[in-house]
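Me: Can you go through this one with me? I'll jump between topics.

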Amino acid sequence: MDFRIRQLQCFLTLANLLNYGKTARALYTSQPTITFQIKSLEEALNTRLFERDRQQVRLTDAGFAFRDYAQSIVDTVDAARECLGGLHNRLRLRVSCGPVGQFVLLPAVIRRLASEYPDFELEVSELTTEQQMAWLPEGKVDALLMIGALPVPAMRFDPICQESLVAIVSRESPLAARGSISVEDLREHSIIASRPRDCRFHQPFLHSLLAPYGISPRIVEAPHSCSVQFAYAAAGEGIVIATRSMAACTFPGIAFLPFEEPLPPVQLGLAALETNDRVAMEVFRQVVLECAQAVFALSPAATSAAARPAGARSAAQPIRKLRLHHPAPTEFPNRRAAG
C-alpha cells in the first residue's frame, strides 16, 4: 500500500460529512482535489471506500472498517509531530567536562539547575579530549565544559576564565616542603602527561611551555583520567602540571605548588556547536556563566552573562535529582615512558 497522510485526512473528513463540497470547504481545497485524493486512496487499498450517486455519499463496508485504522494512523502521526516539535524546547543536555569543569564548576552548576530548573535532564559523560572532538560534531554530546578551545569546525567557544598553572607533586617529595617550585626543577623530574591517543595536545603543550627555558621534558604517559594522574604523582612517578583551581580538589598524598616563574595562563571556556540553539543549551550556558562568576569571583563583564532565559523556575520549587550518566570503568593499562 502506498498512501499519504493527506489522503487519510480527506477520507476521515468525507466519512464524517458525507458531502464532497462540504469536505472541500472544510479542508480549504477544491472538490476535484478531494475526488482525486479519495480515488488515489482507493486505488492504493484496492477497494472502494465510498458509494456515490446524485442523492448521497455513503461509506462502504470497507470504508466503515478502514475508518478506525485511518483515525489511528492520523492520531499517531499527530502525536509524533507534537513530540518532535517539542524536542527543541526540551530541557535535556549531554555534557562532558574538563578537569576544572568536573571538579570545580560542575557541582555549582548541578545545584543551580536542580534548584531553578527541576525538569532539566543533565547527562554527564567523562570523555578523553579525542572523544570530545569526535562526539561534539556527531551530536553525541552537546557541550564541553571548562576546556580549552579545540579545532572543531563550527564550534562556538565562550571564554569563562584564565587559569594559572601549578605543579602537583608527591607529599613525600622534598619539593613539597618548599611551598613553591621553579621551572628549573623540571629538568630533574619527569612530567606526567596524557597519552597521545587520549589527547594529542597535552604533550606538545608541555614541550612548548618549557621550550623557552631550554627544557625538553621527560614524559611519563598516563591515562587521561585526572584522578589517575594524581595517583601517579602521589606515588612519586612524576609531576603533574595543572590549573590553579584544581588545588581545591582533595586527593591523598599530593601537594599543589605555585610556580615561581610567570607561566602563561590557560584559557578555559564552554564549547558547543554554533548551530545548537536549543533552549536547553541557552539555559545551560546562562547557568554556567553565572556559576563561574561566583566560583571564580569573576566580574559580570568577564563572564559576558546574558539575560536570564524565560521560564526560570523559582528556587522554592521542589528539587528533583538530575539523571547523571556514569560510563563504564576505564581500563588503565600499565604506564610506559616516552622520550
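Me: How much of the chain is buried?
Reply: Buried residues are 45% of the 339 in the chain. Buried means under 20% relative accessible area, exposed over 50%, and partly exposed in between, with a 1.4 Å probe and protein chains only.

Me: What should I know about the model and the numbering?
Reply: The model is predicted: local features need pLDDT of at least 70, side-chain atom pairs count only at pLDDT 80 or more, and totals for chains, interfaces and linings use all residues. Residues are numbered from 1 along each chain as its sequence is written, and side-chain values use heavy atoms, with hydrogens and water left out.

Me: How many helices and strands?
Reply: The chain has 10 helices and 13 strands. These are DSSP runs numbered from the N terminus: helices are H or I with at least four residues, strands are E with at least two.

Me: And which strands make up the open sheet?
Reply: The order is 10-7-11, three strands with antiparallel pairing. Strand 10 (240–243) and strand 11 (254–258) are the edges, each pairing on one side only. From one strand to the next the twist averages 35°. Two strands count as paired if DSSP finds at least two bridges between them.

Me: How many bridges join strand 7 to strand 11?
Reply: Five, with strand 7 spanning residues 165–170. Val169 faces Ala255 of strand 11.

Me: What lies across those strands?
Reply: Helix 8 does, over strand 7, strand 10 and strand 11, at about 55° to strand 7. Axes are lines fitted to C-alpha atoms, for helices over the stretch in contact, and angles run from 0 to 180 degrees between N-to-C directions. Contact here means heavy atoms within 4.5 Å.

Me: Tyr232 is in that helix. Buried or exposed?
Reply: Buried, at 15% relative accessible area. Helix 8 covers residues 226–234.

Me: Switching to strand 12. Why call it largely enclosed by the rest of the structure?
Reply: Because six of its eight residues, in the stretch 266–273, are buried.

Me: What does strand 12 pair with?
Reply: Strand 5 joins strand 12 through four bridges, running antiparallel, and Ile147 is opposite Gly269 there. Strand 6 is also antiparallel to strand 12, with eight bridges; Cys161 has Leu268 as its bridge partner.

Me: What is the phi of Met146?
Reply: Near 60°, which is positive in a residue other than glycine. Met146 is in strand 5 (residues 143–147) and is buried, with 2% relative accessible area.

Me: And Ala154, where is that?
Reply: In the loop between strand 5 and strand 6 (155–163). Phi of Ala154 is near 60° too, again positive in a non-glycine residue. Ala154 is partly exposed, at 46% relative accessibility.

Me: How many aromatic pairs turn up?
Reply: Four in the whole structure. Phe11, Phe50 and Phe66 are linked by ring pairs into a cluster. Rings of Phe, Tyr and Trp (its six-membered ring) pair if their centres lie within 6.5 Å; planes under 30 degrees apart are stacked, over 60 edge-to-face, the rest tilted.

Me: Which residue lies over the face of Tyr20?
Reply: Arg52, at 4.1 Å from the ring centre. The criterion is NZ of Lys or CZ of Arg within 6 Å of the ring centre and within 35 degrees of the ring normal.
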